[in-house]
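Thanks, everyone. Please look at the model on screen while I talk.

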Amino acid sequence: MTLQYKQELEPNEIIDQALSQGITDFYVGYSGGKDSGIVLDIIAKNYPDNFRGVVFADTGIGTEATMDFVKSYCNEKKYSLFIISQNDMIRKKDTKLGKKGGKFNFSYTDIVLEHGFPKHGVHTTIMRKLKYMPMRYFILSRIEKGENPAVISGIRKFESQRRSKWATESIHKDGKMCFISPILYKQDDWVYRYFVENNIKRSPVYETLHISGDCLCGCFAKKDELKLLEMFHPDVFKKIKDLENEIKIKGTKEAKKYSTWGNGGNTKDIESQTTMESFVCSDCILDRSSTDEDTKRFNNEFNEIEKKLEGINA
């Protein structure tokens, strides 16, 4: 069910529409990224009576640095933080997939041992299991407490070509789930300016991987990403290495067909490379953002906005 009245709405107009529909309890889905950070700032500042806290999905394949950042940031801002994962989900009735009171078997480890490391073609399925289902479980628990909740998202229509095709609704209901996207129609220049003017922070993992680091399932991993994980985020690298070994022992036939993470080699190949230069070109070592359009654009816009702000404040 879509609750939409006109295009190109401002964030406050979208939120006011949601309030008019009886949605009163806002939980911001936060990844540590710039867009979700901006939405978090908007809700916390402008709708304090409706802001209930931050929801962070522990996917089981994120960096410790991202988790630590989210905890620290929420503590600094005194935001309530709800860390959710599929491990928290308990079956409420018997089904052919499991008994009442049992766990749901779709952790990242479960997925990899059953089907192998995921590739881009199954990204939607992976995100549904690692993020959407735990989020749904959490929201239903808030409804049981008498709330009228919604998940506030930082999704933007113009963030990427892929998003522009399916991100079309600023307020969307999926059964009892409600998602609100206040900055759905905002362009990059507005995002960068808000980020600078309001001193929004983002996960330090952007400095190494140029993504928030909350989910490293491997679906869209770049060729050099596994080496970067070994160098900067050994916790995730070890998890991947352990899973490669588990697939050999416990994996299904299907899993053994997809026994390598992302789009590069396996961890053994990566460990044999003593320097990053043996894996990618020197330009990528010095400035990997040259291969990442979004990060490069962000840095350029960041510098331009700072110059404009200096002129305004002069």
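The axes of helix α8 (residues 225-232) and helix α9 (residues 234-250) come within 6 Å and cross at roughly 120°. Axes here are lines fitted to C-alpha atoms, for helices over the stretch in contact, with angles from 0 to 180 degrees between N-to-C directions. Helices are DSSP runs of H or I, at least four residues; strands are runs of E, at least two; both are numbered from the N terminus.

Which residues meet? L226, L229, E230 and F232 in α8 meet P234, V236, F237 and I240 in α9. Contact means heavy atoms within 4.5 Å.

A caveat: this is a predicted model, so local features need pLDDT of at least 70 and side-chain atom pairs pLDDT 80 or more, while totals for chains, interfaces and linings use all residues. Numbering runs from 1 along each chain as its sequence is written, and side-chain values use heavy atoms, without hydrogens or water.

Next, the cores. A nonpolar core is a set of buried Ala, Val, Leu, Ile, Met, Phe, Trp, Tyr and Cys residues joined through side-chain atoms within 4.5 Å. Buried means under 20% relative accessible area, with a 1.4 Å probe and protein chains only. The largest has 37 residues; F26, L40, I43, F51 and I180 touch the most other members. Helix α2 gives the most, 6 residues.

Last, cysteines. How many disulfides? The structure holds 0; the cut-off is two cysteine sulfur atoms within 2.5 Å. For C217, the nearest cysteine sulfur, that of C219, is 3.5 Å away. C217 is buried, at 5% relative accessibility.

How values were computed:
Buried < 20%, exposed > 50% of the residue type's maximum accessible area, 1.4 Å probe, protein only.
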